[in-house]
Amino acid sequence: MQTGSLLVRKRIATLFFLFTLTFFLLGGRVFWVQFVRGAELSQKALQNRMRDVPVESKRGIIYDRNNHELAISISADSVYAIPAEVLSSGREKEVAEKLAQVLSMDEKKLYERITRSSSFEWIKRQIDPEKSKALRKMDLPGIGLTEESRRYYPKGTLASHILGISGVDNTGLEGIDFYYNDLVGGTKGRIIIEHDAANRPIPEATHKYIPPVDGANLILTLDETIQYITERELNKVFKERQAKAATAIVMDPKTGEIMGMASRPNFDPNRFGDYPASNRRNFAINDAYEPGSTMKIVTAAMAMEEKVVGPESKFFCPGYIKVGKETIGCSNRKAHGDQTFAQIVENSCNVGFVQVGLDLGIDRYYKYLEAFGFGKPTGIDLPGEAAGITVPKSRAKQIDLATMSMGQANAVTAIQLTTAVAAVANEGKMMKPHLVKQVIDKDGKVIKKFDPKMVKQIISPDTARDLCYILEGEVVNGTGKNAYMEGFRAAGKTGTAQKISPTGGYLANEYIASFIGFAPADDPRLVCIVVVDAPKGYPYYGGWVAAPVFKSIMEDSLRYLEVPKQEEKNAQSDNPQTVEKVVVPDVVNLPLSESIATINARGLNVKVSGTGNIVYQQTPRPGSRLNRGAQVIISLSPFEKGKENGEVTVPDLQGKSMKEVARVLADLGLHLVPEGYGLAYEQSPPAGKVVTGGSSIKVKFQPVGE
């Protein structure tokens, strides 16, 4: 009996011990699940129950200054998968196979994606409407479609480097779309639906829709028409000259507003993946180059402001100048002789500008170099702006100062140089360049406004006006003659710079041709720069390659803006006594018919003296200012054919065809000895040399395409 009682007690103790152990194990498990892993498991349970589908916002519309749409958002379906629903259907292989057929994707990779341990998977974004329709008919388990928006550029390639591109996730990747992404992008929305264990939506459970907030709209400073004109003309020179790259910028100097900006090569932002990534590089702001003679505008502004020179200051150019051990020459070592400062600008005389730079000195040169904004970004509202490259002042020597003064040694961006020259055109006031005028909401309410911002007054209004007059002479009489526009007074400067070699020094046969200028010269409305990288063929000079592009862009843009021509302005003048002054062109050595046409185009009359077909001299001298309607006397070549001892001045034949050269020389009583074919690029004896009638002139010709 006692033994049985002991056995019972032992069994009770064992059961109690087991019960206690089980209790503690269960309690520990509850503690582990509830407190240690509670948050994790709760999140997993939520993922199993909740279906969270993102809803993209629409990016804001980008307009030009006249409210023409340049970039809009359109709807497109995107395909997604809910892996839990696909797996519960047991048809995952069938789903992967059918998706692969419709979407042209890899079946194996699709299978891996739709069976992942996740609550949501994107399959393919922004598919074609036909594919979307096919998937809706199939009604595959766990596969859904949601509406997204994608960028569409209705003008195709127009302003592509400014507008930039957007990715499939509705995020700006380049250009304005990237720079103002926070404003234009908007805020994503969400659709949240709770499901039961059988993956069925629970009617009375959580159903939440968080609507997206669409992005704000941008109104740019660009004018669609001026942008089109700029791209049209840039396309021509880029293709005809088979250049490596090219860019053009049109700016309002009084406000800093960019009216047009284009770079080549270009791309279509609707299909940017079809183009090399290099095509998306914006030459206008991303690349620095040695500007060559266009930089002489800045050197001239410095020197005139510091009273180092004036328009009539005297210089002498023997064709070269020594700076220390180095010798710097003018183009082809041409000696310009006695010149005024205005004439060294017109002739783009390197010797004269080296003298001016050395007279300025390093300290004053760098003071203005910094003031004009070189060596630092302008702050234009586009990503990736380059700062340019300047020789550090601490190690600058006299030879560096000499070469910088004529446009070498330092590298600038097109936007930097445009901003600097715009300051000259704007009475010395530098404005910050910008591309956005206003930010507005969908109802047209202005959220943010970008007013013109003056950076600083760099030179005085008097200096700026005097320099504008000198630069007008450069277009009328100097190397920029091809930029002359009938009815509009244009001012500017040509530039031709050898390209820097990646291994050091300069490339022998590659140049950057450029022209920068503004019009009308007396009241500038637009500033325009044209830069062409490595144009093929001869002549490759800025006056031949870039100046005609400037002329075409500015003529059409000024007409579009209804800027009155000079004669119209005079007719509208309140003072009937006001008579317009015009600059006398240089027609020496030109054929008679061309000379008469050139002088008449300035609104001047012509009196012809002597016989022949080539102009020998003219009165008054080139560069003089006469009242419109005044008379210019031109004397024809005194050389009489048959007199072998007559003296003749050899004309400049560069850039002319063989037929033109033969005609000019024949009229002067000289013999042509041609070599090659195409356009003239070298002659012997050189232009300006006096020879005896009947002499032979050796001229080398080269095809434009070489």
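Q: Which residues in helix 4 meet which residues in helix 5?
A: This is a predicted model. In helix 4, E92, K93, V95, A96, E97, L99 and A100 take part. Their partners in helix 5 are E107, L110, Y111 and I114. By class, the residues of this contact divide into seven nonpolar, no polar and four charged.

Q: Why are helix 14 and helix 16 called oblique?
A: Helix 14 (residues 350–360) and helix 16 (residues 398–405) pack at an angle of about 125°. Again, perpendicular stops at 115 degrees and antiparallel starts over 145. Therefore helix 14 and helix 16 are oblique to each other. Their axes are 8 Å apart, and they cross in a right-handed sense.

Q: Which residues in helix 14 and helix 16 meet?
A: F353, V354, G357 and L358 in helix 14 meet Q398, L401, A402 and S405 in helix 16. The contact divides into five nonpolar, three polar and no charged residues.

Q: Why does S348 count as buried?
A: Buried means under 20% relative accessible area. S348 has 13%, so S348 is buried. S348 lies in the loop between helix 13 (341–346) and helix 14. Its phi is near 50°, a positive value in a residue other than glycine.

Q: Why does N67 count as partly exposed?
A: N67 has 46% relative accessibility. Buried needs under 20% and exposed needs over 50%. The value falls in between, so N67 is partly exposed. N67 sits in the loop between strand 2 (62–63) and strand 3 (69–81). Its phi is positive, about 65°, although N67 is not a glycine.

Q: Which residues touch the most other members of the largest nonpolar core?
A: They are I176, L220, M261, F341, F372 and L417, in a core of 94 residues. Helix 17 (residues 414–425) gives the largest share, nine residues. Another core, of 33 residues, lies apart and includes F238 and M485.

Q: Where is P520 found?
A: P520 is in the loop between strand 20 (506–519) and strand 21 (526–533). The peptide bond from A519 to P520 is cis, with omega near -15°.

Definitions and conventions:
Residues numbered from 1 in each chain as written. Predicted model: local features only at pLDDT ≥ 70, side-chain atom pairs only at ≥ 80, totals over all residues. Heavy atoms only, no water. Contact = heavy atoms within 4.5 Å. Helix = DSSP H or I, 4+ residues; strand = E, 2+ residues; numbered from the N terminus. Nonpolar A, V, L, I, M, F, W, Y, C, P; charged D, E, K, R; others polar. Core = buried A, V, L, I, M, F, W, Y, C linked by side-chain atoms within 4.5 Å. Buried < 20%, exposed > 50% of the residue type's maximum accessible area, 1.4 Å probe, protein only. Axes fitted to C-alpha atoms, helices over the stretch in contact; angles between N-to-C directions. Parallel < 35°, antiparallel > 145°, perpendicular 65-115°, else oblique. Left-handed = near helix turned anticlockwise from the far one by under 90°.
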